[in-house]
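Please go through the structure below with this briefing beside it.

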Amino acid sequence: MLIHPQFDPVALSLGPIAIRWYGLMYLIAFLGFFLLGRWRLRRPPFAQASGLHPAQMEDLLFFGVVGVVLGGRLGYVLFYKPGYYLRHPLEALAVWEGGMSFHGGLIGVLIAIAVFCRWRGLRFLAVMDFIAPLVPLGLAAGRMGNFINGELWGRVTDVGWAMVFPQAGDALPRHPSQLYQFAGEGVALFLLLWWWSARPRAVGAVSGAFLVGYAAFRFAAEFARQPDAFLGFPLPGITMGQILCVPMMIAGIGLIALSRR
């Protein structure tokens with residue numbers, strides 16, 4: 001049985017300024033997105049398919065960051081703790097205290113990129129097809145941040161690699177579910193999408209594959225992840241994360257089907 005190392009949440013201190021691991025993971029995610037995007041746009045097939053050029057990556061990143069942060073926070077507020085934030089509305093602004101939703105972040109990114117595409121005169125789905133393979137490594141960084149913080153731990157288990165998370169307030173062995181998500185919706189999804197998008201695909205096919213792939217990996221990982229105490233299981237044996245994955249899966253299948261026409 002393993003014990004969580006209980007890392008110091010502060011990665012680096014510069015006088016009164018403290019850089020936390022979770023914030024650093026976001027920075028790594030955005031930097032990876034930018035560098036991978038620039039690398040791909042230097043290759044004619046990707047630039048032609050998306051309509052983008054390398055000089056637009058800065059604007060694309062800016063819109064993406066705004067969408068992730070605002071959408072992720074609002075999604076957490078609305079999907080997970082609406083009653084609490086209705087009573088404490090000002091705390092909805094306290095992003096530094098944690099509380100982000102991937103599904104809310106996805107909605108925020110879709111809206112932000114739609115605005116970007118309208119501004120630049122680009123095809124929305126073509127740009128999303130370009131973005132989709134760049135996202136999973138950022139998700140992997142976020143899950144590593146969860147693991148370092150010792151949050152979002154898994155359910156009690158007796159598997160040989162079970163880990164005790166003192167942050168859970170007990171000494172029970174649990175699944176290191178953050179690492180499952182790191183490996184699934186992060187590394188494995190990145191490899192699959194990078195391979196899938198390496199050859200020309202119909203518009204919408206790569207975006208659809210991302211939605212289906214993420215929903216499948218996340219749905220599976222939720223069986224090992226301890227649901228939030230304030231939510232529990234909205235449906236018998238089914239978590240809120242799994243419920244939110246269902247429309248993602250349906251939308252992804254629909255996009256792939258439409259792209260084949």
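What radius of gyration would a compact globule with 261 residues have, and what does the protein have? The model is predicted. A compact globule with 261 residues would come out near 18 Å, and the protein has 19 Å, so the two agree.

**Overall form**

- The protein has ten helices and five strands.
- Along the principal axes, the C-alpha atoms fill a box of roughly 55 × 45 × 40 Å.

**Helix 5 and helix 9**

- Two packed helices are described by the angle between their axes and the distance between the axes.
- Helix 5 covers residues 102-120, and helix 9 covers residues 205-221.
- Their axes come within 13 Å and cross at roughly 170°.
- Angles over 145 degrees count as roughly antiparallel, so helix 5 is roughly antiparallel to helix 9.
- Helix 5 makes the contact through Phe102, His103 and Leu106.
- Helix 9 contributes Phe210, Leu211, Tyr214 and Arg218 to the contact.
- By class, the contact of helix 5 with helix 9 has five nonpolar residues, one polar and one charged.

**The cavity**

- Rolling a probe the size of a water molecule over the atoms shows where empty space is left.
- A search of the whole structure finds one cavity of 30 Å³ or more.
- The largest cavity has a volume of about 90 Å³.
- Its lining includes Tyr80, Arg218, Glu222, Arg225, Gln226 and Pro227.
- Also among the lining residues of the largest cavity are Asp228, Leu231, Gly232, Thr239, Met240 and Gly241.
- By class, this lining has four nonpolar, four polar and four charged residues.

- By class, the lining of the second largest pocket divides into ten nonpolar, two polar and four charged residues.

How values were computed
Residues are numbered from 1 along each chain as its sequence is written. This is a predicted model: local features need pLDDT of at least 70, side-chain atom pairs count only at pLDDT 80 or more; totals for chains, interfaces and linings use all residues. Side-chain values use heavy atoms; hydrogens and water are left out. Ala, Val, Leu, Ile, Met, Phe, Trp, Tyr, Cys and Pro count as nonpolar, Asp, Glu, Lys and Arg as charged, and the others, Gly among them, as polar. Axes are lines fitted to C-alpha atoms, for helices over the stretch in contact, and angles run from 0 to 180 degrees between N-to-C directions. Helices (H or I, at least four residues) and strands (E, at least two) are DSSP runs, numbered from the N terminus. Angles under 35 degrees count as roughly parallel, over 145 as roughly antiparallel, 65 to 115 as roughly perpendicular and the rest as oblique. Contact means heavy atoms within 4.5 Å. The radius of gyration is taken over C-alpha atoms; the globule rule is 2.2 Å times the number of residues to the power 0.38. On a 1 Å grid over the protein atoms alone, a cavity is a set of points where a 1.4 Å probe fits but cannot get out, and a pocket is an open set with protein on both sides within 12 Å along at least five of seven lines; lining residues have an atom within 4 Å of a point. Grid points are joined across faces, edges and corners, and a volume is the space filled by probe spheres set on the points.
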